[in-house]
Amino acid sequence: MLSSAAPALALQGVTKQFGSFSALRGVDLTIAPGEFVCFLGPSGCGKTTLLRIIAGLEQPSAGRLWQRGREITRLPPAQRDYGIVFQSYALFPNLSVADNVAYGLVNRRVPRAQARARVAELLALVGLPDSQAKYPAQLSGGQQQRIALARALATSPGLLLLDEPLSALDAIVRVHLRSEIKALQRQLGVTTIMVTHDQEEALAMADRIVVMDQGAIAQVGTPLQVYREPATPFVADFVGRVNVLQARASVAGHIEVAGLSLACPAAADAAPGTPLTLYLRPEDVLVQGSGQANLVQARIEAVEFLGAFCLVDVSLPALGGQRLQVQLSMNVLAERGLGVGAPLALQLLPERMRVFAGATSGATSGASDGASDGAAGAAPSLPLAAAA
């Protein structure tokens with residue numbers, strides 16, 4: 001029996017073994033009604049396997065699942081209350097748009113007139129009201145994905161599952177469609193789970209992000225929490241661009257990088273001499289900041305133009321030549337006449353520093369863009385403290 005007071009979905013100890021390989025390891029998660037949740041992580045982290053278990057397309061090796069208070073652990077897909085949209089659209093090429101959208105309604109023996117009205121309503125919602133007689137081959141990729149979304153919503157499911165629905169689309173279409181999907185989800189109030197490896201997509205669309213790493217949940221939080229307060233080195237490295245520097249704890253609230261003392265409130269509880277890994281976002285390094293703490297001199301080594309802003313690689317002689325990436329606008333570069341070889345005064349914002357106990361193995365500095373399939377060599381320990 002369904003309960004309106006129960007979570008939209010609850011997972012307890014969900015584990016999946018493929019022979020000796022552990023695809024999922026004891027996943028616990030609760031999703032509230034109306035939430036938009038993104039499963040985010042690199043290839044092979046288990047996010048798609050978890051979605052398939054929720055859909056009943058895979059069976060867990062251990063653990064249990066409930067949807068609105070009803071256990072669904074062993075139920076077949078047809079007995080679960082969800083709609084699903086795949087990366088590949090998966091439309092029936094021999095059926096018209098109207099028949100594709102109505103497919104689930106026909107299977108449920110919804111009266112023809114009611115089904116036609118529902119199809120018209122959904123096509124209007126996804127912005128394709130005049131496409132009923134067309135066939136999938138006559139539509140663009142973005143239009144086909146809108147039709148797939150309308151079909152998934154036709155039966156008014158309690159749960160909408162999106163399996164990387166935007167990854168096959170062009171960049172501009174992808175940005176437009178993600179806004180439309182989020183607006184539609186808010187309008188309908190349908191609980192939604194989306195699998196993605198695109199950090200920007202997750203940050204833009206989700207109410208909460210579930211970051212996954214090697215079959216386990218690394219962190220659950222709002223986009224701002226995950227970005228600003230990563231719980232592990234993996235999350236800090238995977239979500240967004242980040243500078244990574246080797247450091248040691250110094251006196252309370254300070255660290256040393258290549259012998260230079262820097263204020264770092266996040267290291268307040270670390271014992272002096274403790275090896276640390278420091279994470280700092282490119283936008284948290286300011287040009288001639290107004291504060292007095294953590295001022296360093298730098299030299300511009302390279303400028304990468306990215307349209308709305310530039311990523312500027314700088315070397316820091318005072319930090320043993322270690323390098324940082326700094327995010328600057330074209331206007332700042334032009335106004336100051338900055339180019340490769342120019343000196344630059346920087347401030348490393350103390351309140352934005354994030355530190356973890358232990359040093360990374362291998363590289364000593366540089367910026368990660370989160371595009372790798374993990375954070376190999378990242379310090380495995382929990383953070384000493386959260387940045388403000």
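**Entry 1: a salt bridge**

I looked up Arg 208 and found that it forms a salt bridge with Glu 35, with the closest N and O atoms 2.7 Å apart. The pair links distant parts of the chain, 173 residues apart. Arg 208 sits in strand S9 (residues 208–213), and Glu 35 in the loop between strand S2 (21–31) and strand S3 (36–40). I noted the rule: a side-chain nitrogen of Lys or Arg within 4 Å of a carboxyl oxygen of Asp or Glu. Helices (H or I, at least four residues) and strands (E, at least two) are DSSP runs, numbered from the N terminus.

This is a predicted model, where local features need pLDDT of at least 70 and side-chain atom pairs count only at pLDDT 80 or more, while totals for chains, interfaces and linings use all residues. Residues are numbered from 1 along each chain as its sequence is written, and side-chain values use heavy atoms, leaving out hydrogens and water.

**Entry 2: buried or exposed**

Buried means under 20% relative accessible area, exposed over 50%, and partly exposed in between (1.4 Å probe, protein chains only). Glu 35 counts as buried because its relative accessibility is 14%. Arg 208 is at 22%, so it counts as partly exposed.

**Entry 3: another pair**

Asp 207 forms a salt bridge with Lys 182, the closest N and O atoms being 3.2 Å apart. Asp 207 is in the loop between helix H7 (199–205) and S9, and Lys 182 is in helix H6 (residues 171–188). Lys 182 is buried, with a relative accessible area of 7%. By the rule, I count ten salt bridges.

**Entry 4: an Arg without a partner**

Which side chain of opposite charge is nearest to Arg 354? I found Glu 229, 5.9 Å away, so by the 4 Å rule there is no salt bridge. Here Lys and Arg count as positive and Asp and Glu as negative; His and the chain ends are not counted. Arg 354 is buried. Its side chain reaches the backbone oxygen of Pro 230 at 2.6 Å.

Arg 354 lies in strand S20 (residues 354–357). Four bridges join S14 to S20, which run antiparallel. Strands pair if DSSP finds at least two bridges between them.

**Entry 5: confidence**

I checked pLDDT, the predictor's confidence in each residue, from 0 to 100. The mean for the protein is 89, and 90% of its residues reach 70 or more. Over residues 371–388 pLDDT stays under 50. Where pLDDT is low, the predicted coordinates should not be read in detail.

Technical notes. A polar contact is a pair of N or O atoms within 3.5 Å; within protein, one must be able to donate a hydrogen and the other to accept it, and residues adjacent in sequence count only if both atoms are side-chain atoms. Contact means heavy atoms within 4.5 Å.
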